[in-house]
Amino acid sequence: MFLGTYTPRMDEKGRLILPAKYRDELADGLVLTRGQERCVYVFSAAEFQNVHQQLRQAPLASRQARDYIRMFLSGASDETPDKQGRITIPPSLREYAGLDRDVAVIGAGDRAEIWDAASWEAYMEAKEAEFSSTDEIAVPGLL
């Protein structure tokens, strides 16, 4: 499970060092793809297979499902961390998420997310009030 928030720096080649706590889970490979809210999703290779199986259950007749699958999979890139735990984020995904030197890598349970640091701060600030007022209807059984 991916937890926490980390602030590694991306180098000029688009590489960043994965948080140490994530490295074992991602050592055998990972998949980067477009995430919602203009971040980059990071899945272990095994979890990405699970996600892909779920996507395959979507009805082909649904335009919304087709559109989502196209956006999600066409941006995907499989990567293997190097010995230092670094990964390279492809230019298209860096551009999509507006990534520069300062990034935030957050844990989101079954995946990690890579955000532009300023965008992550703005997102957190905007969502704090909603988070504080979330009730059981939004997340059944949570509270």
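**View 1. Strand β3 and its neighbours in the sheet.** Three bridges join β3 to strand β5 (residues 77-79), and the two run antiparallel. Strands and helices here are DSSP runs (strands: E, at least two residues; helices: H or I, at least four), numbered from the N terminus. Two strands count as paired if DSSP finds at least two bridges between them. In this pairing V31 stands opposite D78 of β5. β3 is also joined by five bridges to strand β4 (residues 40-44), again in the antiparallel sense. Here L32 has V42 of β4 as its bridge partner. Strand β3 covers residues 30-34, and four of its five residues are buried. Buried means a relative accessible area under 20%, exposed means over 50%, and partly exposed lies in between (1.4 Å probe, protein chains only).

The model is predicted: local features need a pLDDT of at least 70, side-chain atom pairs count only at pLDDT 80 or more, and totals for chains, interfaces and linings use all residues. Residues are numbered from 1 along each chain as its sequence is written, and side-chain values use heavy atoms, with hydrogens and water left out.

**View 2. The turn between β3 and β4.** The two strands form a hairpin with five residues between them. Most residues other than glycine have a negative phi. E37, in the loop between β3 and β4, has a positive phi near 60°. R38 lies in the loop between β3 and β4 and has a positive phi of about 60° although it is not a glycine. Is E37 buried or exposed? With a relative accessible area of 52%, E37 is exposed.

View 3. Six strands form an open sheet in the order β1-β7-β8-β4-β3-β5, with antiparallel pairing. The edge strands are β1 (5-6) and β5, each of which pairs on one side only. Strands of a sheet pair through backbone hydrogen bonds. β1 pairs with strand β7 (residues 103-107) over two bridges, in the antiparallel sense. Y6 stands opposite V105 in β7.

**View 4. E113 in strand β8.** E113 is found in β8, which spans residues 112-116. Its relative accessibility is 7%, so E113 counts as buried. The side chains of E113 and R111 are joined by a polar contact of 2.8 Å. A polar contact is a pair of N or O atoms within 3.5 Å; within protein, one must be able to donate a hydrogen and the other to accept it, and residues adjacent in sequence count only if both atoms are side-chain atoms. Not counting residues up to four places away in sequence, E113 touches C39, V40, Y41, A104, V105, I106 and A108. Contact means heavy atoms within 4.5 Å.

**View 5. Helices α2 and α3.** Helix α2 (residues 45-56) and helix α3 (residues 63-74) pack at an angle of about 160°, with their axes 11 Å apart. The contact is made by F48, V51, H52 and L55 of α2 and by Y68, I69, F72 and L73 of α3. Axes are lines fitted to C-alpha atoms, for helices over the stretch in contact, and angles run from 0 to 180 degrees between N-to-C directions. α3 lies across β3 and β4 and runs at about 125° to β3.
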